[in-house]
Amino acid sequence: MSFLLNKLNDGGKSDYVMIFAHRGDWRNAPENSLQAYQSCIDAGFDGIEIDVQMTKDSVIVMMHDKTIDRTTTGKGRVSDYTLAELKKLYLRSPIGVVTRQRIPTLDEVLELTKGRC
């Protein structure tokens, strides 16, 4: 991590190009899923851009959209569901196929990525 911080703070002197993934490896896994983030870690990406929403019971979960319609087996706004209710849903693949992946919390993602990207 100190390597990346040094590159960020070197005033543009470095020619190092940082590779960040947008919503994880969403081409090969459901966007904003633990599988998508693990794929980025395995590929050696420097970082991952994440999107968050808050649940009805004030838990921060990984979700780009304000609704769950496009990316899960559910319908409606993230903020209308509790974490327990969201954890019953499945994420969809980039082409809309239902997967076994669940909506992760921010805490789960931070645990997965800690010291790894």
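Author: Buried means under 20% relative accessible area, exposed means over 50%, and partly exposed lies in between (1.4 Å probe, protein chains only). The model is predicted, so local features need pLDDT of at least 70 and side-chain atom pairs count only at pLDDT 80 or more, while totals for chains, interfaces and linings use all residues. Residues are numbered from 1 along each chain as its sequence is written, and side-chain values use heavy atoms, leaving out hydrogens and water.

Reader: Is isoleucine 60 buried, partly exposed or exposed?

Author: Let's find isoleucine 60 in strand S4, residues 60–62. Strands (E, at least two residues) and helices (H or I, at least four) are DSSP runs, numbered from the N terminus. Because its relative accessibility is 32%, isoleucine 60 counts as partly exposed.

Reader: And what about glutamine 53: buried or exposed?

Author: Glutamine 53 sits in strand S3, residues 52–54. Its relative accessibility is 19%, so glutamine 53 counts as buried.

Reader: Which residue has its backbone oxygen 3.5 Å from a polar atom of the glutamine 53 side chain?

Author: Contact means heavy atoms within 4.5 Å. Beyond its neighbours within four places in sequence, glutamine 53 touches several residues, including Val59, Met63 and His64. The backbone oxygen at 3.5 Å from the polar side-chain atom belongs to histidine 64.

Reader: How are the rings of phenylalanine 3 and tyrosine 16 arranged?

Author: Rings of Phe, Tyr and Trp (its six-membered ring) pair if their centres lie within 6.5 Å, with planes under 30 degrees apart stacked, over 60 edge-to-face and the rest tilted. The count comes to one aromatic pair. Phenylalanine 3 and tyrosine 16 have ring centres 5.0 Å apart and planes at 90 degrees, so the pair is edge-to-face.

How values were computed:
A polar contact is a pair of N or O atoms within 3.5 Å; within protein, one must be able to donate a hydrogen and the other to accept it, and residues adjacent in sequence count only if both atoms are side-chain atoms.
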